[in-house]
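Trainee: I'd like to learn how to read helix packing and chain contacts. Can we work through an example together?

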Amino acid sequence: MKLLCVDSELVYREIVTLCAEKENVEVRTASTFQEAMSIFTGWLPDLVVLDVVIQGGSGLDLVRALKALSGSRFVPMIFLTSHSSDATMNKCFKSGADDFIPKPFNEVLFNVRLKTHMRHVELVQEMYRKNKALTYYQTMIEREHEMAHQVLDHIQNRSENNRNWVAITRMSAASFNGDLALVKTRSDGVRLAFVGDFTGHGLPASIGALPVTQAFFDAIDEHISLDELAIRINRMLFSILPDYMFCAAYLILMYPTGELHYWGGGMPNAFIRRNSGKLDQLQSTHMPLGVLPTAEFESDTREDKLNKGDTLVIVSDGVLELKNGQNEMLGAAHSEFLVSSCYGAKSLVQAQQVMEMELSDFRGSSVQLDDITLVALRNTNSH
Amino acid sequence: MSISVTVHDSQKTIEIAIIGSFDFSLFNDFRAAYSDYIGLSHAYIVDMSLVEYLDSAALGMLLSMRNAVGAECVIELKGANEFIKNILMISRFDKRFDIQ
């Protein structure tokens, strides 16, 4: 630690130097205003001790000048002076001083104050270092999130969207998790959908998305069965991901007849909004993908049917846990109401837009904490 | 500290109590809470009666604990409120944990 002592009298320069050096502080002294300015600029001391009256200028002006020079650096300025009236003391503090010690010199008092200010400087420096480290990590994480977003967006582009039979919405939160939604029509007209939610945030979450996407599009080409696809993805994620990561998901196969096969693990209930206005629910009955070894994995699927005009709506838990300005969650009942009322619209794309607006109205000005994924599939065939 | 560990010597049971938000911020602390007892204890209790919120990262941390302590050990998840119990059931944690 470095201390600059500014005093016209040699005896004070010597005694301050003596006391400070006992505390292992490096000391340089100045006897004039100009000298003080030039040492301060060139040497960058951590502490300054000065008198009110100095050759070549006033101590008050010097404090103002030095404080301005220190910028964002915290440099305590301590007046040591025989001008100890309240009025002078007041002026000293107003000009930016951090402390005021009256002369005659009291060694005990000076040492106590010096140590206090040294501790202060150390704390501020420590804080500065930590702040710098945090800023570094924050920047790094922001970049990772950007990258993960880009990867997921790229994947998402391979999916079909905004048709009269499919609508997918992803509303990304600032700190996003790993929602993934893929829908594709096979050459035989059968449609395959994957709606998943990875544990974790940022880059780790998107890493799991890559192999899942590969398996999904392989399944489109190979026409493999739904239970086989579930087994494949589970096996892959089980071997790739660390044991604290998994993927909650629905896998859906929709035939041109509207017949529906689905496998669900770890996801909230999905909805079928019947053309009549009735609301049915699909339940996810399994553990998420990537948790169980193949021998224990349950691949059994369930069945349902979409008649003409019926809409299957899958929402991620980000929708159910969406919070409004009063910190209340949207919850299951309100979600059901919104799905019932929005998806009656003739155009699926429009219905989806209305649903998005309803969710954003509910949220109001509160911050969206989690990614939101909404997938709607409708049977538009006349079987 | 939002995690506390109690050792019940008589039953050789380790009880881990979590307070507040059970999320990714507890990743290291939660692992540290049980890792010293691996192989020494056959029963664990995770007291969740003071947990207000639980995210998917916490589910992952519980699964990681499940793997670490070994299949022969019982892990009881105790005192979760309805909201949290629902999250545990959606992910079928009843298959691997004793949910009370």
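Trainee: Okay, is the crossing in which H1(B) passes H2(B) left-handed or right-handed?

Mentor: Keep in mind that this is a predicted model. Here H1(B) passes H2(B) in a right-handed crossing.

Trainee: And at what angle do the axes of those helices cross?

Mentor: Helix H1 of chain B covers residues 27-35 and helix H2 of chain B covers residues 56-69. Their axes cross at roughly 25° and come within 11 Å. Angles under 35 degrees count as roughly parallel, so H1(B) and H2(B) are roughly parallel to each other.

Trainee: Which residues in H1(B) and H2(B) meet?

Mentor: From H1(B) you have Phe27(B), Phe30(B), Tyr34(B) and Ser35(B). They meet Met61(B), Met65(B), Ala68(B) and Val69(B) in H2(B). Sort the residues of this contact by class and you get 7 nonpolar, 1 polar and no charged.

Trainee: Now the two chains. How many residues of chain B are in contact with chain A?

Mentor: One general idea to start: the size of an interface is often given as the accessible area lost when the parts come together. In this case, let's count residues: 12 of chain B are in contact with 14 of chain A. H2(B) gives the most to chain B's side, with 8 residues. By class, that side has 5 nonpolar, 5 polar and 2 charged residues.

Trainee: What does UniProt place at residues 2-118 of chain A?

Mentor: An unreviewed UniProt entry puts the feature "domain: Response regulatory" there. In the model, that span of chain A is 49% helix and 23% strand, and its end C-alpha atoms lie 10 Å apart.

Notes. Residues are numbered from 1 along each chain as its sequence is written. Chains are lettered from A and ligands numbered from 1 in the order in which they are written. This is a predicted model: local features need pLDDT of at least 70, side-chain atom pairs count only at pLDDT 80 or more; totals for chains, interfaces and linings use all residues. Axes are lines fitted to C-alpha atoms, for helices over the stretch in contact, and angles run from 0 to 180 degrees between N-to-C directions. Helices (H or I, at least four residues) and strands (E, at least two) are DSSP runs, numbered from the N terminus. Angles under 35 degrees count as roughly parallel, over 145 as roughly antiparallel, 65 to 115 as roughly perpendicular and the rest as oblique. A crossing is left-handed if the near helix is turned anticlockwise from the far one by less than a right angle, and right-handed if clockwise. Two residues are in contact if their C-beta atoms, placed from the backbone, lie within 7 Å. Ala, Val, Leu, Ile, Met, Phe, Trp, Tyr, Cys and Pro count as nonpolar, Asp, Glu, Lys and Arg as charged, and the others, Gly among them, as polar. UniProt positions are given in the numbering used here, feature names are shortened, and annotations may be inferred rather than shown by experiment.
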